[in-house]
Each structure stands twice: as C-alpha cells, then as structure tokens.
Amino acid sequence: MAGEGKKPGMTQDEASAGVSGPVRGNHGVWLFSIIAVIVLGFSVSGVLLYIQFNEIRTLKSRVLTLELSSWARQDVGDQEGTVSLLTSPDFLESLAAHLPKRSRRQTAPDYTALLQQFAASELQVLRTYCTNSTKICVRGQPGQKGNRGTDGFPGTKGEKGHYGISGPTGPRGYDGTPGPRGPKGEPGTMLQGMTGPKGDKGDRGEIGPQGAMGTASVTSPVNPNKCCDNLSAPQFLRPQTAVVTAPYGSSVILPCSAVGLPHADISWVPPVDPLSLGRYIQEYNGMELQNVKYTDSMTFKCRAHNIFGTVEKYIKLIVTDKVTASVSPSQSSVVGGPNTNVDIVCSWTGTPPPNITWTHVLPGGKSIPLTAGTALSTITNTSTLHVTGAGALDAGMYQCTVTNGIETQTSTANVIVQSKPGILTGPLSQTVLAGQTIVLRCDVIATPPASVVWTYPHTGTAPPKDVLVNPDGSITIQNINDFNQGTYTCSATNGLGTTTATGQVNVISPVTVSVTPSKLPVHAGDTFTQIACSGTGDPNPTLTWTADNGQPVTSSGGKFLLLGNGELIITNVDPDSDSGIYTCTGNNGKETATAQTIVYNDLGTLSCTTTFADCSTTTGRACGGRCPGNCDTQGGAVYGYKLYTPQSVVCLSAKHAGTAGNDVIWHIINGGSTYESKLSNGIQSQFSGPLAETAQIWEESSAPAHQAGVPILG
C-alpha cells in the first residue's frame, strides 16, 4: 500500500521529502510573522521617539529664549557660553548646572528657581524613559494652562502694507467767503499770429476765349447816402425815465445803454465817482453804485452823445431801509368807564419815511379805519393811539400799518374792556310789505359775555308764533302781517349792566289790481262797453288807464268815460279802432301794480281759410272768432310759431300754437323778426323772412303778470 503513493521515476529519498514538505512550510509562516511583529514594534517606537524628540527640542528653544532674555537684561556678554550651550549634546545638564549661577547674578524678576525646577523635572523624565532602549516615552495628560509670560521685545518694523480700498466721497463742504477783488490784468495778446512773408509771384495763365458782346444797360443813379445807411443818432434801449430802489449798503446798477453809430459816449450827472471814493463804476449797461448811502438818493442824468445827436435819460435812485412796526403794549385789559383811557404806541423804522395808519378790528371781524385820536412823532418815530372813555365797543384788535410805498409792515395790539355790553348792530326801523320775511339783528360785544332778550310789540318777551330766535341773537319774522307791526327792543345784559336798542317795523299791504272781463268782444253798432278795474293796498292805490299805444286814456273828448271807482266806459264803439289791449295801473306812492284786458273785434264763426290779414294788419288792432272743427283736413299755409305772418290761416295757426278750444283771439304787433319752421301739434309750419307786422295768438298768459314795486324801507 505504501508503494501506491510513489510516483514512477521518484526515488525513496524524494518521496520521504515530499511527506515532510507541509511541516516545513508552516514553520516558515510563523517565522515571517515574528519578524513582522518585531519590525512593527521598532517602527512604532521610532515614531514615538521622534515625537518625544520634537517636544524636547521645542522645550529647549523655550528655555533658551527665556535664559537669553534674562542674560540680555543683565547685560551679560558671555556669548561663547551661549553658543556652547546650544551645541552641547547634554543641554539639560548644562542648563541645570548653569541656572544657579545666573540666579545669583539676577536681580529682578526672580524666575530662576522656577526654570531650575522645570529643567530638573524634564531631565529626570528623559533619563528614566529615554535612556533605556526598552522603554517608550508615551505622551502624558495635558497639564493646566500656565500663567501668561512677560511681553517680548518689540519686533522689527514690517514692510509697508498695501493701500486699502478708497472710502465713499464725503459731502460737499460749505462755500468759503469770496476773496477780495483782484487787480485788473494786463491786456492779452491777439490770438492771430504775425503775418508771414509775401510769396513769389505766380506764372501768368493762358488767355481765354473772347466772350459774347453784352447788351447796353440803363445807368442807375448813384445813391450818395448809401455809405451812411447804418449811421444814426443815439437811442436808449429802455424808457427815458426810470425809478430804481436799493437797500442801504447794497450795490445797484443805474440802467443806461444806448445804440447808435458811431457808438455813443456815455456821461453822467453827477459825474462818475464825484468824490473819488471808487463807489461809482461805469459798466457797459449803466453805472454801478457800490455800498449805496442815503445821500445817493437823487435823480441821475445819463447822457449819450455821438456826432449825429445827443439823448438824455433820467434815473431816480431811492435808497431804502427796512420797514419795521412794533406796538406796545400788545395786550391790554381794562375796566371800562368814562375815566378809562387806553394808549397804544406804534414804533416804526424805514426809509423813505413811511406813512402810519390805524385800524380797529371789532370782535365780529368788522374793520373801522381810525383817523381821530392819533398822534405822530417823527422825532421818536412813533405813532400813539389814544382811546378815551373806553367801553365795550372799544374792545378788539388795533392794527398799526407802516408803509413807504416799497414795503409794508403791520403790528397789532389786543384790547379787552370789561364793561356792560355794547350793541354793535341793533334792529333797524323799516317799512315792509305784508307777506315778506325780515331779520332784525342784535350784535353784542361784551366782557363778561351777555345774554340777549327781545321785547315784542304785543307779546312782551314771548316771541309770537311766526318769529324765530336765531343762535346769534337775531330774530326772523316770517310772512309778516299787521300783528307784527310795532316797536322791537333788544336788551343785552351781563354782570356789569344792561344795554338796549330799539327799531320800528311798519307793515303795509301790497297793491293789487284786477280787471273784469279779461277779454271783451265788441261788434259794430255797440253803443258802449265797459271794463271794471279794482285795486287794493295800504294806502289804497290810485287807478289809471292806458291804451294799446301807451297813451293815457282820459275822459276828454267824450269817447271814454272814467269813473271814480276805476271803471272805464267806451262809447260809440268802433270794432276796428277801439280794439286792442287796455291796461289798468294802481299806484299808492309806495308801489305799483297793473292788470290788462283785450278788447277785440268779434268776427263770429271763421272759415278754415281765414287769414289774420282778413281782419286787420294795423298794429295794435285785435280780432277774434270761432273756428270750425274740421280745419285739420282743409290745409292752408302757416308761417312761424306763436308769432305768425298775417298771411297765415288763423285756425291752423291756433292749433299749431296749442290754443285750447275753438275760440281764437289775436293781436297785431310790430314785426321785424324771422318766422321759424316748426312741427307742433301735428302741424308743420314754414319759414318766412321778417315782415312789418306780426299776428300774436292771445292767451291768458300773454297779459303781463302783477308787477309789485320795490318796498320803501324806513
């Protein structure tokens, strides 16, 4: 069986070696592992030793820095010892042995003991752990933070850094005061350069062809003045008189500029700078006066002259000073009475000397100019207002106005007067028409405030039902009648007394006039006809009549009879000449009223084709009749609207105008206007040019309404 594991051609020794091969392979693996662990250990130790060595080197630098600092302060010059210390392989032993020497020479500060103790401790650690190759120096736990060391010497100055970014631009500063005026500079040189040398003469050109022969021309006369067309005498660009104002101490230019050729010479009266003070300076547009004085207020004459003439201009200079106004006292409170006086002083300044006026502004806002009681002093520049016997109506604001035509200033003083009330506006006596509405006022000024009570003609202090008491103390009488007639008394009372004011109200009845009938038909053969007129009023009115042409109707001639009761009788009636409009007028000396009636020639039943002219075309005449009911289908011409041509048919015109019923009355009046074309009530009228006469459809509204005159107020 053993022979089965032998391969052909293999010796016995080779077979034995093949059996022990795996055992020798395992020993190799273990040997490699041990070597790897040893190498890893030495590597870790080397790393740790390198770290420890760096820490020791850092410690050496720190200790050496401290020692060198101490030596430098003690002015120790042994530099060779320092070099040997740095190069010594046994640095810590030398440092530990050297520190006691240095501490004996050291005076302040005394930190040698601390360094010596620290060096000895570090040396012991090094000997214990780092002189034995079998030990590894392991980093210990961090110690507590030590105290802050002393400041070192200042380092050397570093290089200049880069410029930083520019900050934002700051705000613009205030303008400085102008500097003094500099001296006048020297005249500048001409911009044009010097003329160059003359060039050489050029070659002569070739002769050109001969031109065509020209036509003969008429010789024009020579204008001998052409060379002088632009020459002229001086003229001023502005008016020849001027007024210039300037505040005292300012600078001003007196305007004076002239045109002309040759250029005019300018001169002044007074002359430029008469006192050689340099304040008068001639400018191109006039004369400048600097730092003007009151003595400069005068009239200056500017004279422009050339060879063709001379012109003069006058400029009046007014040097002014600021106008001021101040009153004293600005507030006064007095107890009114016959012996109470109030003085208000207004102080003023200004040049030219101003005018001073006073105004009294009442508490209600009404302004009253004051002329009496004022005294003006030009020596002290004051104006004094003197109020004697001050009462309630003297209270309010007093305003002092100071003006010199250039500037105006005002100053006010308030005056309070404690007294019995004053009535500024009381009830006015007046005569009014019945039915009107009136207002009676009672405007009161009082300190302390006052109460207002009214007394009425028939009810005492109780207001009648048609009287309203207003919040401002006035009363309103509505639809006034006879019961409201009488005396009205306004009483104002406060703790210092009572003041009253009265007014008389007279009530009259308005004039009224009426006539009967309002339209009166007449016929041929009528013996007479009459019209009644009645009037009422307080006093009773007088009644009169006028005809259509405006002429008064009188009883003379026997045609008309006027009765005392206002009745008018027309005798021997002529339907044509007696027709027209009659007006009755009532007048009682205070007002006037009128009423009208129309007397017309009654034509009876009209046809659909009857025109206005069929009756009459005489101005002032009146006609009338009754239209049949079927004229809409009969046709006919209609010209105008409300006012129709005499050739228009009557019945269609009446329907076109909107006349109610079949009765139509018309009146012939003066023409002169065109006649409009209009569609009205289903009838289209036509346009016509102006004619001398016009037919007007009479309606009740055609008569003028009652006209009342303006009532007379007492």
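Colleague: What do strands, and two strands that pair, stand for here?

Modeller: Strands (E, at least two residues) and helices (H or I, at least four) are DSSP runs numbered from the N terminus, and two strands pair if DSSP finds at least two bridges between them. This is a predicted model, in which local features need pLDDT of at least 70 and side-chain atom pairs count only at pLDDT 80 or more, while totals for chains, interfaces and linings use all residues. Residues are numbered from 1 along each chain as its sequence is written, and side-chain values use heavy atoms, with hydrogens and water left out.

Colleague: How many bridges join E30 to strand E31, and which residue stands opposite Leu-568?

Modeller: Strands of a sheet pair through backbone hydrogen bonds, either parallel or antiparallel. Here E30 and strand E31 (residues 568-571) run antiparallel and are joined by three bridges, and Leu-562 is the residue opposite Leu-568 in E31.

Colleague: In what order do the four strands of the open sheet lie?

Modeller: The order is E26-E28-E31-E30, with antiparallel pairing; strand E26 (512-516) and strand E30 (560-562) are the edges, each pairing on one side only.

Colleague: Where is Arg-621 found, and what does its side chain reach?

Modeller: Arg-621 lies in the loop between strand E33 (592-605) and strand E34 (622-626). A polar contact is a pair of N or O atoms within 3.5 Å; within protein, one must be able to donate a hydrogen and the other to accept it, and residues adjacent in sequence count only if both atoms are side-chain atoms. In this case the Arg-621 side chain reaches the backbone oxygen of Asp-576 at 2.9 Å.
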